[in-house]
Amino acid sequence: MDRFLFLTVDGLSRGAVYAAFALALVLIWRGTRIVNFAQGVLAVATAYLAYSVAGATGSYWAGFAAALAAGLVLGALVERLVMRRVAQAPPLNAVIVALGLVLLAQGVLGMLYGTQYLPFPAPFSRTAMTVAGVPLLSRYDLFVFGTVLLLMVGLALLFTRTATGLRMRAAAFAPDVSRLLGVSVGRTLTLGWALAALVGALAGMLVIPTGLGLHPTAMDLVFVSAFTAAVVGGLDSPAGAVVGGLAVGLVLSYVGGYLGSASTPLAVLALLVVVLLARPTGLFSGTGARRV
Amino acid sequence: MRRYAGALVAAVALLAATAVLDPFRDYQLATAAAYLSATAGLTVLTGLSGQLSLGHGALMAIAAYTVALTQNAFGAHGVGTQWTLLASLAAGTAAASVAGAVVGVAAARLRGPYLAGLTLVVAVAVPSVGTLAGGLLHGDQGLSVYLPPAPGWLGADAPYERWQAIVALAAALLVMLLLGNLAASGFGRSMRAVRDDEVAAALAGIPVARVRVLAFVVSAACAGLGGGVFAILAQSVSPGAFSLTLSLNLLLAIVVGGLGSLAGAVWGSLLLVLLPWLTDSLARTVSLPPGAATRLAGNLPLAVFGLLLVIVMSAAPGGVQGLLNRAGRWVRGRRPGRHARRVETSTPDAEPDAPLASRT
């Protein structure tokens, strides 16, 4: 029972990160109908920058801030320089271009930093504190929950309470009408990508300390887990992404805890297949007609 | 008939080439041929039936492990003839086809990014089976593959690489011939119809789901043959050799060569072999500290591949073969006689539709 409780908390903590990462995927999907397959590697790139900055300044938080800023810039650059060129092409092209970015970034990071695992410590202790005799929550888990909660409240406020958020929703929902009404759709798309990459970078900073360390492929499994979470939620629904993220985190934590961590990739595969076969549009999306 | 004659000429020319080339070149040729089996299968799937698969590296892994296991079983029972290779490759191809059928059935209902995501998860998940079934597959270390010595008719002093090249080239030629026939057949037309407009294809009586699944199975079989040949080339198999990067490299090859073009798959496969070799030689001529040199050699090809993929997809989506075809058309178009006819057909027939389009 203790183990079950521990795995549940661990799964929720993981799930919070998947939720954030899935949210970033949903942000871009809603705006452009593109699944950003490069999101994992962009997050890794910002984490490497954080590693360098933290190493140079000796402060974890300087690195943290650098990673978030780099996420904003990278996201905007990727949209402006690359994705805008394939936005009108068949959807396959955008996927292929994003995968090209994956190879490019992995190659560049490998050249700069090598392909060995670099140590990437957490800012808080990861040993679980005991609550009523049961080892339950670590300080780092609390940090993760707090950060993700803050992020979600921030995003919700941005999209429902500000003019920028309204413009972004309008540009995603009806680009032509918004353009007529004076919304600079191109600029809001760039902002959306920047924001999504920022969220991705944040998720990367939160999840990499819980893994083996920093590596060009460190986010591969996180990406597929978050993609699964987003699909569970319907790819279109921010609330769905959050619920999907927590669900995927729990499932992976139980599978990893009871069957060994080597089986988690297969668990992701099984989960995704089941969801896609049972309910391809996800649990939370509205019914949408397929355009013929 | 022309296709068979071409294949025969290519077979003779390549057989002669393997005898002339030194062992290192033979091995490079064999590697390109092994890539070609997989990329040709992938280009038919992605280019003709419109399904993007990032899981072909995993399908190759399944076949490679099957070849390793069957070869080692043959070795353990003391069966050492060349026919074992044929049997193992057939077993590997069959295993990959079955896996491809499973993925294909799941994929038949999926579109665009969903399909790419599912196959991406396949590519990430399947190598972990090697770790999971550590007793049988020896985890990250992998298996070594028992191989009988090269046959006597090659000559006693023939390097083993020449035999490897012959096996790999035979497999690749077989794949190219079969896929060439398939693309030109009614099934090829069905695949293109499904790719271009599913609803129209279904209305025309094409069984859309069956075509998509069959395309996946055929493509998986080709990838499996390529993966099996890889096991014979490397004489060992390990999960690290079949990572997501391999799948992305295959994708790069077919995109740069030209999606859906079998000739493009040849260009792409050559690129996959030649570019790492070029950057490796380049890194060796520049004097660098040893750590930086290995970092560069291992990762520069990756970065160049990624850059190529981005540039080709956004600037010339037709790839090398698309550019060649355009150049060919341009040259033919300059010939007198044809020119007049082309002008005639290109009279703007969009004019009558224009008022309608502006009304909607």
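Me: How many bridges join strand 1 of chain A to strand 2 of chain A?

Reply: There are 4 bridges between strand 1 (residues 128-131) and strand 2 (residues 134-138) of chain A, and the two strands run antiparallel. Strands pair if DSSP finds at least two bridges between them. Strands (E, at least two residues) and helices (H or I, at least four) are DSSP runs, numbered from the N terminus. Please note that this is a predicted model, in which local features need pLDDT of at least 70, side-chain atom pairs count only at pLDDT 80 or more, and totals for chains, interfaces and linings use all residues. Residues are numbered from 1 along each chain as its sequence is written, and chains are lettered from A and ligands numbered from 1 in the order in which they are written.

Me: What do the two strands of chain A form?

Reply: They form a hairpin with 2 residues between them. In the turn, A132(A) has a positive phi of about 55°. T130(A) stands opposite P135(A), a residue of strand 2 of chain A.

Me: And what else is in chain A, in which order?

Reply: Chain A has 11 helices and 2 strands. From the N terminus on, its elements run α-α-α-α-β-β-α-α-α-α-α-α-α. Its radius of gyration is 19 Å, close to the 19 Å that the globule rule gives for 292 residues, so chain A is as compact as a globular protein of that length. That radius is taken over C-alpha atoms, and the globule rule is 2.2 Å times the number of residues to the power 0.38.

Me: How much of chain A is buried?

Reply: Buried residues make up 50% of the 292 residues in chain A. A residue is buried if 20 or more other C-beta atoms lie within 10 Å of its own, exposed if 12 or fewer, and partly exposed in between, with C-beta atoms placed from the backbone.

Me: Where does R33(A) lie?

Reply: R33(A) is in the loop between helix 1 (2-32) and helix 2 (39-57) of chain A. Its phi is near 60°, a positive value in a residue other than glycine. Most residues other than glycine have a negative phi. R33(A) counts as partly exposed because it has 15 C-beta neighbours inside 10 Å.

Me: Changing topic: how many helices and strands are there in chain B?

Reply: Chain B has 17 helices and 2 strands. The radius of gyration of chain B is 22 Å, close to the 21 Å from the globule rule for 360 residues, so this chain is as compact as a globular protein of that length. Of those 360 residues, 48% count as buried.

Me: Which residue of chain B has a positive phi although it is not a glycine?

Reply: One such residue is Q235(B), with a phi of about 60°. Q235(B) is found in the loop between helix 11 (208-234) and strand 2 (236-237) of chain B. With 14 C-beta neighbours inside 10 Å, Q235(B) counts as partly exposed.

Me: Where is the kink in helix 13 of chain B?

Reply: The kink, of about 25°, lies at L272(B), shortly before the proline P276(B). The bend at a residue is the angle between axes fitted to the seven residues ending there and the seven starting there. Helix 13 (residues 262-285) has 24 residues and reaches 35 Å from its first C-alpha to its last, close to the 34 Å expected at 1.5 Å a residue. The expected span is 1.5 Å times one less than the number of residues.

Me: What do the buried residues of that helix pack against?

Reply: They pack against helix 2 (23-48), helix 8 (160-184), helix 12 (244-257) and helix 15 (319-334) of chain B. Among the buried residues of helix 13 are W267(B), L271(B) and L272(B).

Me: How many residues of helix 12 of chain B are buried?

Reply: In helix 12 of chain B, 14 of the 14 residues are buried, so this helix is largely enclosed by the rest of the structure. Just after helix 12, G258(B) takes a positive phi of about 125°.

Me: Finally, how many residues of chain B are in contact with chain A?

Reply: 39 residues of chain B are in contact with 42 residues of chain A, where contact puts two C-beta atoms, placed from the backbone, within 7 Å. Helix 14 of chain B gives the most to this side of chain B, with 14 residues.
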